[in-house]
Amino acid sequence: SHLRAEEALRVSEERYALAARGANDGLWDWNLPENSIYFSPRWKSMLGYDDTEIGGSPEEWLDRIHEGDRAKVQQSIADHLEGRAPHLEVEARMLHKDGVFRWMLTRGLTVRNATGTPVRMAGSQTDITEGKVADPMTGLPNRLLFIDRLSRLIASCRRRPETLFAVLFLDLDGFKLINDSLGHAVGDQLLIGLANRLEQSLRQTDTVTRLDESFTIARLGGDEFAIILNDLHDSSDAMVVAERLLQELSRPFLIDDRELFSSM
């Protein structure tokens with residue numbers, strides 16, 4: 001029976017090791033008395049590192065957390081360790097090796113000894129960047145990413161004062177009426193159609209302003225969209241683009257064999 005128990009343990013350990021290798025999530029296991037953490041190879045590769053490039057200290061994790069999120073993570077760890085929260089679950093931006101921040105969801109659970117002292121905490125790390133920075137319905141950047149790009153652009157304009165950019169804001173007139181009379185499914189289709197048309201229109205390069213990829217369209221929420229036009233040559237270029245967009249969007253949208261007109 002002792003051999004059978006050892007065999008069962010070996011099988012379960014192999015199963016765990018295989019699951020850990022195949023998991024899309026990164027795994028971590030914190031030995032609290034020794035204050036050392038095992039980070040799985042996947043945990044490290046999510047942040048752009050090889051297995052040998054990250055050691056086993058908690059600082060490898062905590063120092064890579066965005067300054068704006070670090071206190072929140074430390075508080076969440078403390079709340080769980082001290083029994084105020086049943087488990088650890090916290091979202092934070094982590095610095096990737098390539099210098100950008102990615103959003104990670106960290107989950108964990110504590111193991112306590114017979115006297116109730118926490119001896120170990122283990123859990124997972126999931127990359128949730130897509131959900132954070134993309135509007136799930138249109139696939140466009142959301143408000144969060146829009147503000148991030150805009151603040152970076154403002155910062156780079158301080159360094160290069162000759163840079164010109166413009167921000168366009170648009171919302172649909174009568175969108176609530178469409179939602180109320182034809183239903184949310186039709187309203188959603190209209191928003192998706194609008195997003196696609198905005199993108200196609202901005203990619204057309206047969207105008208004064210060759211934008212190529214130097215624009216950002218974001219869905220701020222509801223029927224509100226915003227556009228950043230960067231690398232403009234002249235402030236009048238923004239007017240040209242705005243007029244073209246209004247013209248493009250005045251054409252009807254065909255949804256469920258219905259022609260819908262939308263004005264801005």
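Let me begin with helix 8, which passes helix 9 in a right-handed crossing, a term used when the near helix is turned clockwise from the far one by less than a right angle, anticlockwise being left-handed. The contact, meaning heavy atoms within 4.5 Å, is made by Leu194, Arg197, Leu198, Ser201 and Leu202 of helix 8 together with Val241, Arg244, Leu245, Glu248 and Leu249 of helix 9. By class, this contact has six nonpolar, one polar and three charged residues.

What we are looking at is a predicted model, in which local features need pLDDT of at least 70 and side-chain atom pairs count only at pLDDT 80 or more, while totals for chains, interfaces and linings use all residues. Residues are numbered from 1 along each chain as its sequence is written, and side-chain values use heavy atoms, with hydrogens and water left out.

The axes of helix 8, residues 184-203, and helix 9, residues 235-250, come within 10 Å and cross at roughly 135°. That makes helix 8 oblique to helix 9, since angles under 35 degrees count as roughly parallel, over 145 as roughly antiparallel, 65 to 115 as roughly perpendicular and the rest as oblique.

On its other contact, helix 8 meets helix 7, residues 175-182, where the axes come within 6 Å and cross at roughly 140°, and the two helices are therefore oblique to each other. Here Phe175, Ile178, Asn179 and Leu182 of helix 7 meet His184, Val186, Gly187, Leu190 and Leu191 of helix 8, a set that divides into six nonpolar, three polar and no charged residues.

Turning to the aromatic rings, a search of the whole structure finds three aromatic pairs (ring centres within 6.5 Å; planes under 30 degrees apart are stacked, over 60 edge-to-face, the rest tilted). Trp30 and Trp61 form an edge-to-face pair, at 6.1 Å centre to centre and 80° between the planes. Trp30 lies in strand 1 and Trp61 in helix 3, so the pair ties together parts that are 31 residues apart in sequence.

Finally, on confidence, the protein averages a pLDDT (scale 0 to 100) of 88, but pLDDT stays under 50 over residues 206-212.

Note on methods: Axes fitted to C-alpha atoms, helices over the stretch in contact; angles between N-to-C directions. Helix = DSSP H or I, 4+ residues; strand = E, 2+ residues; numbered from the N terminus. Nonpolar A, V, L, I, M, F, W, Y, C, P; charged D, E, K, R; others polar. pLDDT = per-residue confidence, 0-100. Phe/Tyr/Trp six-rings, centres within 6.5 Å; stacked < 30°, edge-to-face > 60°.
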